[in-house]
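Subject: Structure for you to look through

Dear colleague,

I am handing over the structure we spoke about, and below it I have written down what was found. Please keep the sequence and the model open beside this message while you read.

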Amino acid sequence: SQSGPKIKVSGNELLIFYMDHRSGLTNIYMNYSLDNGLTWSEDILISDQSYLQAYTDFEVAPDGTIHLVYYSYNQNYSFNSVRYSMAQSGSLDFSPSIAVGITSDSQEPCDCCQPDLEISENGDIYLAYRNNIDNIRDTYIAIKPNGSNGFNQPIQASFHNDYNDHCPSSGPSMEIDNNMIALSYRVSDAATSYVDYSDISILSFNNAVSINTPEASPNFSDIILYE
């Protein structure tokens with residue numbers, strides 16, 4: 001329930017993706033509008049897995065293709081995989097989903113933390129998420145290069161050794177602008193949040209700055225990168 005609807009513009013279409021429980025299992029649905037939200041299409045089921053799906057995000061690439069990710073869970077609510085699907089420019093027919101490949105016996109995305117999807121100007125797809133490796137929950141980024149059939153091995157992007165033995169709920173926020181990439185994220189163990197940035201060609205995050213104050217412990221941040 002922490003994952004609210006996501007809304008984007010694709011050409012003349014307004015798109016909204018959201019979680020819905022009407023079937024008894026949470027799934028990902030989409031609606032679109034051709035008149036700036038005055039009227040909407042019928043509900044369209046987008047996720048294609050057997051059990052529960054949640055925590056969706058999507059982006060529209062510069063070439064008009066639509067890229068979608070969501071978390072998939074097994075029948076017993078254990079984490080299964082992160083799913084990726086896409087629709088070609090001018091179409092709302094999504095391809096069969098594939099596993100991003102960041103779930104294994106030794107690690108899995110924190111299963112109640114929202115991921116963030118961004119697309120660079122050259123069409124590379126970046127997925128930021130809070131990883132879970134023996135309850136260490138730092139931020140990682142997986143990348144699908146433009147034209148590739150899958151995602152590369154994830155890159156660690158925060159280095160706080162964030163130990164958390166329960167679900168911390170909030171995931172990272174990421175923004176890409178030209179040749180720069182920026183992150184904001186929560187470190188639950190220290191009860192603070194950080195911003196960081198890197199040149200996108202090297203992905204070396206070593207500029208972390210705390211945004212904590214004596215009066216508050218920030219969470220659920222959303223970062224914007226401008227000039």
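E59 is buried, with a relative accessible area of 12%; here buried means under 20% relative accessible area, exposed means over 50%, and partly exposed is in between, calculated with a 1.4 Å probe on protein chains only. Before going further, please note that this is a predicted model, in which local features need pLDDT of at least 70 and side-chain atom pairs count only at pLDDT 80 or more, while totals for chains, interfaces and linings use all residues. Residues are numbered from 1 along each chain as its sequence is written, and side-chain values use heavy atoms, with hydrogens and water left out.

Salt bridges

The side chain of E59 meets that of K8 in a salt bridge, at 3.7 Å from N to O, where a salt bridge is a side-chain nitrogen of Lys or Arg within 4 Å of a carboxyl oxygen of Asp or Glu. This pair links distant parts of the chain, since E59 sits in strand β5 and K8 in strand β1, 51 residues apart; helices (H or I, at least four residues) and strands (E, at least two) are DSSP runs, numbered from the N terminus.

How many salt bridges does a search of the whole structure find? The search finds 4. Another of them joins R130 and D162, whose side chains meet at 3.1 Å, N to O, and this pair also links distant parts of the chain, with R130 in strand β11 (residues 125-132) and D162 in the loop between β13 and β14, 32 residues apart. R130 counts as buried at 2% relative accessibility, and D162 counts as buried at 0%.

D20 forms a salt bridge with R22, and the closest N and O atoms of the two are 2.8 Å apart. D20 is buried, with a relative accessible area of 17%, whereas R22 is partly exposed, with a value of 46%. D20 and R22 are also linked with D43 in a network of salt bridges.

The disulfide

A disulfide is a covalent bond between the sulfur atoms of two cysteines. For the search, a disulfide was taken as a pair of cysteine sulfur atoms within 2.5 Å, and by this rule the count comes to 1. The pair is C112 and C167, with their sulfur atoms 1.0 Å apart in the model. C112 lies in the loop between β9 (108-109) and β10, and C167 lies in the loop between β13 and β14, so the pair links distant parts of the chain, 55 residues apart. The torsion about the S-S bond of C112 and C167 is about 65°, and the disulfide is therefore right-handed.

C112 is buried, with a relative accessible area of 12%, while C167 counts as partly exposed at 34%. Two other cysteines, C110 and C113, are buried, C110 with a relative accessible area of 1% and C113 with 1%.

F159

Is F159 buried or exposed? F159 is exposed, with a relative accessible area of 52%, and its place is in the loop between β13 (155-156) and β14 (173-177). Leaving aside its neighbours within four places in sequence, F159 is in contact (heavy atoms within 4.5 Å) with D138 and F205. The C-alpha atoms of F159 and D124 are separated by 24 Å, and these residues are 35 apart along the chain.

Pockets

Rolling a probe the size of a water molecule over the atoms shows where empty space is left. A pocket is an open set of points on a 1 Å grid over the protein atoms alone, where a 1.4 Å probe fits and protein lies on both sides within 12 Å along at least five of seven lines, and lining residues have an atom within 4 Å of a point.

About 410 Å³ of space lies in the largest pocket, a volume being the space filled by probe spheres set on the points, which are joined across faces, edges and corners. Of the 25 residues that line the largest pocket, K6, Q114, D116, S173 and D222 are the closest to its centre. The elements that give two or more residues to this lining are β1 (6-10), β5 (53-60), β10 (116-119) and β14.

With kind regards
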